[in-house]
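Please review the following briefing alongside the sequence and the 3D structure. The points are grouped by topic.

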Amino acid sequence: MLQTVNAILGGFSRATIDMDRFREEFELPFSILFRNSGMSRDEIELVHGKDGAIFHDTYEFLARNAALRKGVKGREMSCSPLIREPFKPSLSAINC
């Protein structure tokens, strides 16, 4: 997720963020994080347009070879512990 957010920020010439800031500002929808990172309303609407195609296409491209997708045997292993624990209440809603 962090790589996806940073790819989008970079694509709009915005500074990338580190994991600490991502954890501090993680909130759905991501438009809040994008706004806090200096993206304009028009840019955010572009990212969220067409059912979030830019976000989802970027995520799928990056995730295709991610270690968390290789050989996953159970749902409990589908999210990295580095992201699972800080967001445990939020992630339970999306079955991580």
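Helices (H or I, at least four residues) and strands (E, at least two) are DSSP runs, numbered from the N terminus. This is a predicted model, in which local features need pLDDT of at least 70 and side-chain atom pairs count only at pLDDT 80 or more, while totals for chains, interfaces and linings use all residues. Residues are numbered from 1 along each chain as its sequence is written, and side-chain values use heavy atoms, with hydrogens and water left out.

**Overall architecture**

- The protein chain has 6 helices and 0 strands, giving the pattern α-α-α-α-α-α when read along the sequence.
- Of the 96 residues of the protein chain, 31% count as buried; buried means under 20% relative accessible area, exposed over 50%, and partly exposed in between (1.4 Å probe, protein chains only).
- Among contacts (heavy atoms within 4.5 Å) between residues at least 6 apart in sequence, 47% join residues at least 24 apart.

**Helix 4**

- A bend of about 110° occurs in helix 4 at Lys 50, the bend at a residue being the angle between axes fitted to the seven residues ending there and the seven starting there.
- The buried residues of helix 4 are Glu 43, Ile 44, Val 47, Gly 52, Phe 55, Thr 58 and Ala 63, and they pack against helix 1 (2-11) and helix 3 (31-36).
- Asp 57 also belongs to helix 4, but it is exposed, with a relative accessible area of 54%.
- Asp 57 and Thr 4 are 53 residues apart along the chain, and their C-alpha atoms are separated by 9.3 Å.

- Ser 13 lies in the loop between helix 1 and helix 2 and has a positive phi near 60°, in a residue other than glycine.
- Most residues other than glycine have a negative phi, and most peptide bonds are trans.
- Ser 13 is exposed, with a relative accessible area of 67%.
- Ala 15 is found in the loop between helix 1 and helix 2 and is exposed at 61% relative accessible area.
- Ala 15 and Gly 38 are 23 residues apart in sequence, with a C-alpha to C-alpha distance of 8.8 Å.

**Cis peptide bond**

- Leu 28 and Pro 29 are joined by a cis peptide bond, with omega about 5°; Pro 29 is in the loop between helix 2 and helix 3.

**Second largest pocket**

- The second largest pocket holds about 160 Å³ of space.
- On a 1 Å grid over the protein atoms alone, a pocket is an open set of points where a 1.4 Å probe fits, with protein on both sides within 12 Å along at least five of seven lines; lining residues have an atom within 4 Å of a point.
- Grid points are joined across faces, edges and corners, and a volume is the space filled by probe spheres set on the points.
- Met 1, Phe 30, His 48, Gly 52, Phe 55, His 56 and Tyr 59 line the second largest pocket.
- By class, this lining has 4 nonpolar, 3 polar and no charged residues; Ala, Val, Leu, Ile, Met, Phe, Trp, Tyr, Cys and Pro count as nonpolar, Asp, Glu, Lys and Arg as charged, and the others, Gly among them, as polar.
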